[in-house]
Amino acid sequence: MPLPFDELRGRILALTEGETDEIALMATIACELHHSDDRFDWTGFYRVTAPGLLKIGPYQGGHGCLTIPFDRGVCGAAARSGETQLVADVEAFPGHIACAASTRSELVIPLHDADGRVFAVLDIDSDQPDAFDHTDAERLETLLGTVFAGHQSARRA
Ligand code: SME
């Protein structure tokens, strides 16, 4: 049974209050999200470490690919377009990167800095087909925006 979203949101905001370090925030969010919902089989972040390149960050679950160029995968599509990718069937997504053969559906949300540039993406994989909906996407987009707000201003300073 998934944790009610308000409870999950409250836990994450309480645990990350006052924190601006990117890795500390990502590690905490990946842990809390991953253990909050049986749909989530891989939960983690990819960070933009060079122009056009994503490198793995904190994650929970089995092995994750270490690097993803912007022109590949669901993560690359989110980083390139700056748009959330809600994929009901990964087999039908051109260029999907299968880090785990068991993945059936995926949700990838880009994180934007104060200047609107993508600095990372949150990637959630599910072994269930069509596991995510627009409510999941909107709630997580808002939560990430709130949690990383302090980090964005720290990045600018
Ligand atoms: N499936 C992703 C790659 C990362 S793994 O899921 C952890 C993609 O297509 O970009």
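The model is a predicted one.

A search of the whole structure finds six of them. In one, the side chains of Arg39 and Asp37 come together with N and O 2.7 Å apart. Asp37 is buried, at a relative accessible area of 8%, and a network of salt bridges links Asp37, Arg39 and Asp136. Another salt bridge joins Arg117 to Asp113, with 3.3 Å between the closest N and O atoms; Asp113 is buried, its relative accessible area being 8%.

Arg104 and Glu91 also meet in a salt bridge (3.2 Å, N to O). Both residues lie in the loop between E4 and E5, so the pair ties together parts that are 13 residues apart in sequence. Glu91 is exposed, at 60% relative accessibility, while Arg104 is partly exposed, at 28%.

The loop between strand E4 (85-87) and strand E5 (105-112) also holds His96. With a relative accessibility of 19%, His96 counts as buried, and its side chain makes a polar contact of 3.1 Å with the side chain of Glu106.

Finally, Arg72 is found in the loop between strand E3 (67-69) and helix H3 (73-81), where Arg72 is partly exposed at 42% relative accessibility. Arg72 and Pro94 are 22 residues apart in sequence, and their C-alpha atoms are 9.0 Å apart in space.

Note on methods: Residues are numbered from 1 along each chain as its sequence is written. This is a predicted model: local features need pLDDT of at least 70, side-chain atom pairs count only at pLDDT 80 or more; totals for chains, interfaces and linings use all residues. Side-chain values use heavy atoms; hydrogens and water are left out. Helices (H or I, at least four residues) and strands (E, at least two) are DSSP runs, numbered from the N terminus. Buried means under 20% relative accessible area, exposed over 50%, partly exposed in between (1.4 Å probe, protein chains only). A polar contact is a pair of N or O atoms within 3.5 Å; within protein, one must be able to donate a hydrogen and the other to accept it, and residues adjacent in sequence count only if both atoms are side-chain atoms. A salt bridge is a side-chain nitrogen of Lys or Arg within 4 Å of a carboxyl oxygen of Asp or Glu.
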